[in-house]
Amino acid sequence: MSKVNEITRESWILSTFPEWGTWLNEEIDETTVPKGSVAMWWLGCTGLWLKSESNANVLVDLWVKTGKRSHGDGLMAPGHQHRRMIGCEKLQPNLRNVPCVIDPFAIKNLDAVLATHDHGDHIDENVAAAVIQNCSADVKFIGPKSCVDLWLKWGVPADRCVTVRPGDKIQVKDIEIVALDSFDRTELVTAHGHAVGALTNNMPQDMDDLAVNYLFNTPGGNVYHSGDSHYSNYFAKHGNDYKIDVALGSFGENPRGMTDKLSAIDILRMAECLNTQVVIPIHHDIWTNFKADPAEILTLWEMRRHRLQYAFKPFILEVGGMFMWPQDKDKLQYMYDRGFQDAFSHEPDLPFRSML
């Protein structure tokens with residue numbers, strides 16, 4: 001045990017973070033996915049780990065950094081997308097609200113790293129470094145041009161980067177990855193090197209270079225990851241064209257004057273349009289200023305499902321939790337392992353039983 005005069009800020013950080021250590025890394029490695037199934041773990045924000053029945057491992061949008069750490073000068077950067085979008089300048093109070101539940105430098109068994117877009121909470125140089133240093137040289141980095149540009153800037157070899165646009169398909173073991181249209185309108189007003197005022201009265205940027213949604217077709221079921229997409233009527237087109245079993249949508253409580261996340265109603269509308277069987281809200285966990293209660297989704301679903309004949313169910317996942325399709329398809333909420341399954345397998349060590 002350390003003595004107080006030996007403990008430093010640095011030793012505290014190294015002994016504490018990431019807060020879950022390698023617990024989740026070990027769980028993912030040790031999980032065998034049954035035939036006819038697909039497993040997924042929510043890693044916080046829109047981070048997702050997918051594992052197939054043939055042991056294909058795909059990592060999407062893992063981000064292990066922090067939000068605001070100081071009040072600074074109280075202002076957003078001049079070219080920040082939220083400042084551009086609604087004409088505000090006061091600092092966004094987006095503090096990270098949940099722990100890092102996975103150690104990127106303990107990741108070993110991986111087949112592909114994906115990013116939906118280049119916003120800082122969806123692509124991470126620390127994750128890229130960890131994968132380059134510790135995983136097979138066969139691991140590909142897959143994303144739209146904006147993400148590939150970042151990976152190249154960070155030093156990821158060009159021959160390991162794959163640029164995708166909507167309609168592209170990539171096979172990773174037994175998982176077919178289909179890139180689809182993104183509906184992330186916040187991405188369209190992200191600076192990408194443009195000077196302040198450069199977007200006014202000009203044609204918008206090409207979304208297909210900036211962001212994509214993904215469909216993961218696996219032998220055990222198909223998973224749709226919507227990135228940071230806002231609600232779009234075109235979700236119905238995706239639902240027409242593809243079989244979707246599980247869909248994930250970026251849910252949040254939008255501040256005054258801002259639309260950056262799907263509302264509870266938007267989540268239900270997205271699910272209905274996609275013809276999915278299960279919809280899982282994500283992203284509502286991460287930012288203090290966008291934090292929302294997913295119980296609202298369950299309440300609205302219950303109010304509307306009989307009248308509108310909903311054919312899907314919501315599932316409220318927790319960060320670090322696993323959803324297995326189709327085993328969990330009829331569940332509504334996740335609960336962490338409560339432990340103590342072996343209670344009274346041994347005689348308690350007590351002075352007398354009446355203490356119980």
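This is a predicted model: local features need pLDDT of at least 70, side-chain atom pairs count only at pLDDT 80 or more; totals for chains, interfaces and linings use all residues.
Strands of a sheet pair through backbone hydrogen bonds, and they may do so in parallel or antiparallel fashion. For a parallel example, select residues 112-114 of strand 4 and residues 140-143 of strand 5, which are joined by three bridges. Within this pair, Leu114 has Ile142 in strand 5 as its bridge partner.

**Two cis peptide bonds.** Most peptide bonds are trans, and most residues other than glycine have a negative phi, and the next two stops show exceptions to each of these patterns. Select Phe17 and Pro18, which are joined by a cis peptide bond with omega of about -5°; Pro18 sits in the loop that links helix 1 (9-16) with helix 2 (23-30). Then move to Trp325 and Pro326, where the peptide bond is again cis, with omega near 5°. Pro326 belongs to the segment after strand 14 (322-325).

**Two positive phi angles.** Select Asn55, a residue other than glycine whose phi is positive, near 70°, in the loop between strand 2 (47-52) and strand 3 (57-60). Go on to His283, also not a glycine, with a positive phi of about 80°; this residue is found in the loop between strand 12 (278-282) and helix 10 (295-308).

Is His283 buried or exposed? With a relative accessible area of 1%, His283 is buried, because that value falls under the 20% limit for buried residues. Asn55, by contrast, is partly exposed, having a relative accessible area of 40%.

**The surface patch.** Finally, switch to a surface view and select Phe344, Leu350, Phe352, Met355 and Leu356, which form a nonpolar patch with about 580 Å² of accessible area together. One of these residues, Met355, can be located in the segment after strand 14.

Conventions. Residues are numbered from 1 along each chain as its sequence is written. Side-chain values use heavy atoms; hydrogens and water are left out. Helices (H or I, at least four residues) and strands (E, at least two) are DSSP runs, numbered from the N terminus. Buried means under 20% relative accessible area, exposed over 50%, partly exposed in between (1.4 Å probe, protein chains only). Patches are made of residues with over 30% relative accessible area and no salt bridge: like charges are joined within 9 Å, nonpolar side chains (Val, Leu, Ile, Met, Phe, Trp, Tyr) within 5 Å. Accessible areas come from the Shrake-Rupley method with a 1.4 Å probe; for residues, only the protein chains shown count as cover. A salt bridge is a side-chain nitrogen of Lys or Arg within 4 Å of a carboxyl oxygen of Asp or Glu. Two strands pair if DSSP finds at least two bridges between them.
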